[in-house]
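Please read the following walk through a protein complex with the model open. The text goes from single residues to the contact between chains.

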Amino acid sequence: MSRLSDVYSHPSIKRFGQAYRRALRDRSTQDYASLIDLENAETPERLAEAIRRFLRRNHKAAEEKNWFWPGDQQLEEVMALAQENVALVRAAIESYALLWEPSQRASGMKED
Amino acid sequence: MQFWITKSGLEIFDVARAYGLAALLSFADEDQSSSPEIKDVGTAYRINLPNGKPSLSRLKDRGNTGWLEAFTVGDFRDPLSAQWNCLFITDTAGQRETKRFSVQSALEKFVDDLRARESVALVPKFDGEETLPGALDPTAFKGLRGRTRGQYSEGQTKVDRFNWALGCVGGALAGRFVYQRNAGYFVLYPMPESVKWTDFRELRQETYGERLNYLSVQNAAAHYSVVLAERLRQRAASGLSSTPRYSNILYFSLFKTGNQWKPGTAGHLNLQPLLELATQRPNDAEGVFNVWRYLFRRGSVRGNEDLALAITDFIMHPTLTTYERHVRVFTRYIARGTTVEFQYSEQSLKEVTALVSSQ
């Protein structure tokens, strides 16, 4: 996948992006650390490390609040995409932080 | 009848001449059943006026108020008034008035000649008797324009009287001069690809009032491109048959050094990706343009300039680097809990990602 729009639409990227957005916006987590980790992930290894930390930091909150959470298969797919072009994967995940949270929109706009 | 404004290499002068001729034909046409249409055909702008009968008597007609108003210094807030004082900003007040009347008399002198010929190519002569104003085209300013050895000055750019008059009236009617305190003037021209004169005037009226406190001329050009694209989107969404097409926005700035005005940054902004999105997928484009206009508005307020600069960079050069910068800046505002009026939907953000080039 060589285009950002293709990577952005990938279901695994979408799942990670949604989780990242929740972790960033939720008042109890406000995960700025993952924001910085992700922004500085220049290689597939650094991206893998950033994602690993992100999952570990927010796993408990995700379970408690019943967030949609990425599984192993999605993690593998994201890492496979990152091997091709890490910058596109990073930008695509970061993009999801800009979307409306479903709770902020009128009813009927829920994701998934 | 059709006319060809051959391109001379001075981009803004050529665009202004095309608008100027369209304006002249529109005001002078006795038939008034159609509006002149400007088309970019590569080496020239073709101005087409089917059944056109331009005449001096029509121009001189007392009821033709449009022509008289075109040579009146109007309120700068009025979108349809001619911006003569901005165009001749490098001249004294007395010279401005003289030049304005000179433009009018030159056009009135040539209009019957135009009618006599069904098709004519207008090639400017650069050894003419009139000086090209600097506020019309920044390349007209005196100074060093190429490599010279020993001699570090060159004269003013001179052109023939008719092309000079066409350029001046086109510049005054079509140029968008935005005065910005402490920066001078930001000058913008939408470059026509296929535009009818009446559509151009209508769009100018609709978009003229939307201006902000700009950080740079690029910021002004990027904002204007979004405002223009949004208007064209609305036309496309409403199913209007005539949707004008523009290719670029030409921009430059003028700043004052002591008593003299000098040209600053200049360039052009490619409108194609935005207009393609606006006219082909108007429903998806609405969400994108809402967010971008909000970012420009919010970014024009002190303390939020990074929002405007990031979106300006992205619109000017939609690369992965500028896209990521826009995302990161905007994310920080959202993450810190600032109330944000507009955000992307999933589909509208997909349209934005499709604009990103693979550079």
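D199(B) sits in helix 7 of chain B, residues 197-207, where helices (H or I, at least four residues) and strands (E, at least two) are DSSP runs numbered from the N terminus. With a relative accessibility of 8%, D199(B) is classed as buried; the classes are buried for under 20% relative accessible area, exposed for over 50%, and partly exposed in between, with a 1.4 Å probe and protein chains only. Apart from neighbours within four places in sequence, D199(B) is in contact with R235(B), S242(B) and P244(B), contact meaning heavy atoms within 4.5 Å.

The model is predicted: local features need pLDDT of at least 70, side-chain atom pairs count only at pLDDT 80 or more, and totals for chains, interfaces and linings use all residues. Residues are numbered from 1 along each chain as its sequence is written, chains are lettered from A and ligands numbered from 1 in the order in which they are written, and side-chain values use heavy atoms, with hydrogens and water left out. For chain B the mean pLDDT (the predictor's confidence in each residue, from 0 to 100) is 90, and 96% of its residues reach 70 or more. The complex as a whole is given an ipTM of 0.90 and a pTM of 0.91 by the predictor.

Helix 8 of chain B, residues 217-238, holds both E230(B) and R233(B), three residues apart, about one turn of the helix. Their side chains form a salt bridge at 2.9 Å, N to O, the criterion being a side-chain nitrogen of Lys or Arg within 4 Å of a carboxyl oxygen of Asp or Glu. E230(B) is buried because its relative accessibility is 4%, and R233(B) is buried at 6%. Over all chains, this rule gives 27 salt bridges.

Chain A has six helices and zero strands. Of its 112 residues, 53% are buried. Among contacts in chain A with a separation of 6 or more, 73% are between residues 24 or more positions apart.

R25(A) belongs to helix 2 of chain A, residues 11-25, and is buried at 16% relative accessibility. Its side chain reaches the backbone oxygen of A97(A) at 2.7 Å. A polar atom of the R25(A) side chain also lies 2.8 Å from the backbone oxygen of L99(A).

In helix 4 of chain A, residues 44-65, R52(A) and E49(A) are three residues apart, so about one helical turn separates them. The two form a salt bridge with closest N and O atoms 2.7 Å apart. R52(A) is partly exposed at 41% relative accessibility, and E49(A) is partly exposed at 29%. Both belong to a network of salt bridges that also links D31(A), D37(A), R53(A) and R57(A).

What joins the two chains? R90(A) is in helix 6 of chain A, residues 86-95, and E324(B) is in helix 12 of chain B, so this pair joins two chains. R90(A) and E324(B) form a salt bridge with closest N and O atoms 2.8 Å apart. R90(A) is buried at 6% relative accessible area, and E324(B) is buried at 7%. Between chain B and chain A there are four salt bridges.

The interface brings 24 residues of chain B into contact with 26 residues of chain A. About 2200 Å² is buried between the chains, 59% of it from carbon and sulfur atoms; buried area is the accessible area (1.4 Å probe) that two parts lose on being put together, summed over both. A335(B), Q343(B) and E346(B) supply 25% of the area that chain B buries against chain A, more than any other three residues.

Methods:
Polar contact = N/O pair within 3.5 Å; in protein donor to acceptor, adjacent residues only side chain to side chain.
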